[in-house]
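I set down here what I looked up in this structure, entry by entry. Each term is given its cut-offs where I use it.

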Amino acid sequence: MRPFSAVGPCGLLLPILLFGCEQSEPRASGAPTPIAQSAPAIEPKPAPAPKPNAASAPGRKAGSNRSLPIGTGFDFYVLSLSWSPSYCEAEGEDANGQQCKSGRPYAFVVHGLWPQYERGYPENCDTDDGYVDDEIVRSLRDIMPSGGLIGHQWRKHGSCSGLSQEDYFTVLRAARERVVVPAQFRKLDNYLTVPPGDVEKAFLQSNRGLAAKGSAVTCDDRYLREVRLCMTKDLEFRTCPEVDRRACTLPKAVMPPVRGG
């Protein structure tokens, strides 16, 4: 959004605004620093500018309650929500104990928030913060139950966001809060065998502005594993053809029940 001026009544200048994947992840660009693959150059869309007179710091978007940190060096995010019982059952004894102990009490959890290029993604960028602060880990337990997962996601993906550790996880939580998980998938008492497309449709119906080409449900040979949702840097839903093409092709996939919650 950029302002310009026009002359209004009584010679006043009036401003006018013009609106201008651990568990399987999308394929990386293959470079340890954010260097795009040798694909046709696609210019990243610039982050929207704050409204005039809004009190916001550089690199942050003005909001009604708080400022949202805006990342740099990539084009958009993928928010990956993992069906936790599938992970626990598929991995068995190798599953993370923090996530799967006491049965498997979690439904959809955040697997990660991944900076993306239009083609490929950056990973394992240089960072001076190799470990996540304990206070941040504790604050994320309700949506990311594994401390090991939190640390891994920061080093592999968050380090490439252009954000500090604190700001990256602030955006991650805001992204999760942006999404409404359909009621039927907040708790599941019995095994469900379901077409992956039906799960995607439920998310589309529950989230205004989410498009079919901006989301993907993934699976392995049996289990439904994740729902991936594409977002702009300021967490608006957007399309993402490369992510959409990697959706599950099984006619049906199994969702194990939530237990012990």
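For contacts I took heavy atoms within 4.5 Å. I worked on a predicted model, in which local features need pLDDT of at least 70 and side-chain atom pairs count only at pLDDT 80 or more, while totals for chains, interfaces and linings use all residues. Residues are numbered from 1 along each chain as its sequence is written, and side-chain values use heavy atoms, with hydrogens and water left out.

**Entry: Pro-145.** I looked up the neighbours of Pro-145 and, leaving aside those within four places in sequence, found contacts with Gln-98, Gln-99, Tyr-106 and Val-109. Pro-145 is placed in the loop between H3 and helix H4 (147–156); helices (H or I, at least four residues) and strands (E, at least two) are DSSP runs, numbered from the N terminus. For burial I used relative accessible area: buried is under 20%, exposed is over 50%, and partly exposed is in between (1.4 Å probe, protein chains only). Pro-145 counts as buried because its relative accessibility is 2%. I also noted 9.7 Å between the C-alpha atoms of Pro-145 and His-111, which are 34 residues apart along the chain.

**Entry: the whole chain.** I counted seven helices and ten strands in the chain. The chain has 261 residues, and 46% of them count as buried.

**Entry: helix H1.** Which residues of helix H1 (residues 84–91) are buried? I found Ser-84, Pro-85, Ser-86, Tyr-87 and Cys-88. These buried residues pack against strand S5 (76–83), helix H2 (97–100), strand S6 (108–116), strand S9 (224–231) and strand S10 (253–255). I then looked at Ser-86, which lies in H1 and is buried because its relative accessible area is 0%. Beyond its neighbours within four places in sequence, Ser-86 is in contact with Tyr-223, Leu-224, Arg-225, Val-254, Met-255 and Pro-256. Just after H1, I noted a positive phi of about 60° at Gly-92.

Entry: Asn-124, which is not a glycine, has a positive phi of about 50°. I placed Asn-124 in the loop between S6 and H3; Asn-124 counts as partly exposed because its relative accessibility is 41%. Leu-235 also is a residue other than glycine with a positive phi, near 70°. I placed Leu-235 in the loop between S9 and helix H7 (241–244). Is Leu-235 buried or exposed? Leu-235 is buried, since its relative accessible area is 4%.

**Entry: Asn-207.** I found Asn-207 in the loop between helix H6 (196–206) and strand S8 (215–219). Asn-207 counts as buried because its relative accessibility is 2%. Not counting residues up to four places away in sequence, Asn-207 touches Arg-178, Val-179, Val-180 and Phe-237.

**Entry: Glu-135.** I located Glu-135 in helix H3 (residues 134–139). Glu-135 is exposed because its relative accessible area is 56%.
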